[in-house]
Amino acid sequence: ARAWPGDKMAAPTSEGVPASEPGAAPYGNFPNYSRFHPPEGRVRLLPSELLRRLFPAADRPLLGLDVGCNSGELSVALYRHLLGLQESKGSLDQPAAGRDLRLLCCDIDPVLIERAQESSPFPASISFINLDIMDSNSREPLLSSYLSRFGRSTFDIGFCMSVTMWIHLNHGDSGLLEFLAFLASLCRYLLIEPQPWKCYRAAARRLRKLGRNDFDHFRSLAINGDMAERITQILTRDCAMELVCCFGSTSWDRSLLLFKSNGSKHEDREPSEQEQ
């Protein structure tokens with residue numbers, strides 16, 4: 001699915017392998033990802049009034065972090081949907097009036113980020129940066145710098161859409177645990193779309209079909225099976241989050257799960273009413 005890291009910033013494709021070949025993107029950085037899974041398949045599952053429900057008394061810009069944004073099509077679709085913007089309109093619909101969302105979107109692939117920057121219809125509100133989220137030396141100054149512009153230390157909501165498998169395959173069980181803990185510490189709410197285990201097997205088959213070495217960690221992963229359930233367990237048991245809602249599954253069998261942080265680091269008080 002979408003993009004993310006290895007130990008180093010790797011080229012998204014290799015010489016002699018067509019860019020359109022899915023196996024040529026071992027970090028999920030497919031050059032035409034939205035053709036595989038159109039953004040509408042996700043956003044239609046989300047209530048358009050989601051931000052109003054989660055932040056009923058917000059009196060400042062809401063900050064969002066989209067991890068593994070690829071070339072930005074889903075990021076823009078989420079922004080439009082959550083703010084009530086129609087494709088053909090340049091103004092907000094009345095139900096979402098007054099909401100101000102700023103999205104920071106990052107991806108490991110500089111070519112995809114350049115494409116996202118060039119095509120973004122909302123450059124003042126959506127920022128795209130090239131970043132390996134698993135490189136702590138790079139992520140800390142970049143994310144802190146962005147948050148400090150708004151006088152904040154955390155994001156209101158994070159989006160992690162079909163990214164967890166690529167973290168897991170390239171960084172192992174410990175990498176997945178570190179990644180989820182990092183997001184939980186950084187985001188008050190987290191909307192996550194885990195890839196099911198069958199996608200792991202398919203990704204490994206694609207790599208072998210191209211005559212490449214298998215993912216370093218694939219055969220040693222102890223976190224396996226029902227990945228939506230396993231990730232839910234990790235976030236609720238180890239990361240001080242609670243599951244708020246499952247918005248259902250996409251047509252390609254991936255659940256959209258919304259979590260809320262119970263940690264004291266997040267500076268705003270929780271809404272007094274339930275978000276359902």
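Helices (H or I, at least four residues) and strands (E, at least two) are DSSP runs, numbered from the N terminus. The model shown in these views is predicted.

**Figure 1. Asparagine 29 lies ahead of helix 1.** The segment that holds asparagine 29 comes before helix 1 (33–36). Asparagine 29 counts as buried because its relative accessibility is 2%, and the cut-off for buried is under 20%. Its side chain makes a polar contact with the side chain of aspartate 109. The distance of that contact is 2.9 Å.

**Figure 2. Overview of the chain.** The chain holds nine helices and seven strands. Of its 276 residues, 55% are buried. Contacts between residues at least 6 apart in sequence were sorted by separation: 75% of them join residues at least 24 apart.

**Figure 3. Asparagine 70 has a positive phi.** Asparagine 70 sits in the loop between strand 1 (62–67) and helix 4. Its phi is near 55°, a positive value in a residue other than glycine. Most residues other than glycine have a negative phi. Asparagine 70 is also buried, because its relative accessibility is 1%.

**Figure 4. Serine 75 is placed in helix 4.** Helix 4 spans residues 73–83 and includes serine 75. With a relative accessible area of 0%, serine 75 is buried. The side chains of serine 75 and aspartate 66 are joined by a polar contact of 2.5 Å. Phenylalanine 159 is 84 residues from serine 75 in sequence. In space, the C-alpha atoms of serine 75 and phenylalanine 159 are 8.9 Å apart.

**Figure 5. Serine 162 occupies the loop between strand 4 and helix 7.** Strand 4 covers residues 155–161, and serine 162 is in the loop between this strand and helix 7. Serine 162 is not a glycine, although its phi is positive, at about 55°. Its relative accessibility is 0%, so serine 162 counts as buried.

**Figure 6. Helix 7 crosses helix 8.** Helix 7 runs over residues 164–186 and helix 8 over residues 197–209. Their axes come within 11 Å and cross at roughly 60°. The two helices are therefore oblique to each other. Their crossing is right-handed. From helix 7, Thr164, Met165, Trp166, His168 and Leu169 take part in the contact. They meet Cys199, Tyr200, Ala203 and Arg206 of helix 8. The contact residues of helix 7 and helix 8 divide into six nonpolar, two polar and one charged.

How values were computed. Residues numbered from 1 in each chain as written. Predicted model: local features only at pLDDT ≥ 70, side-chain atom pairs only at ≥ 80, totals over all residues. Heavy atoms only, no water. Axes fitted to C-alpha atoms, helices over the stretch in contact; angles between N-to-C directions. Parallel < 35°, antiparallel > 145°, perpendicular 65-115°, else oblique. Left-handed = near helix turned anticlockwise from the far one by under 90°. Contact = heavy atoms within 4.5 Å. Nonpolar A, V, L, I, M, F, W, Y, C, P; charged D, E, K, R; others polar. Buried < 20%, exposed > 50% of the residue type's maximum accessible area, 1.4 Å probe, protein only. Polar contact = N/O pair within 3.5 Å; in protein donor to acceptor, adjacent residues only side chain to side chain.
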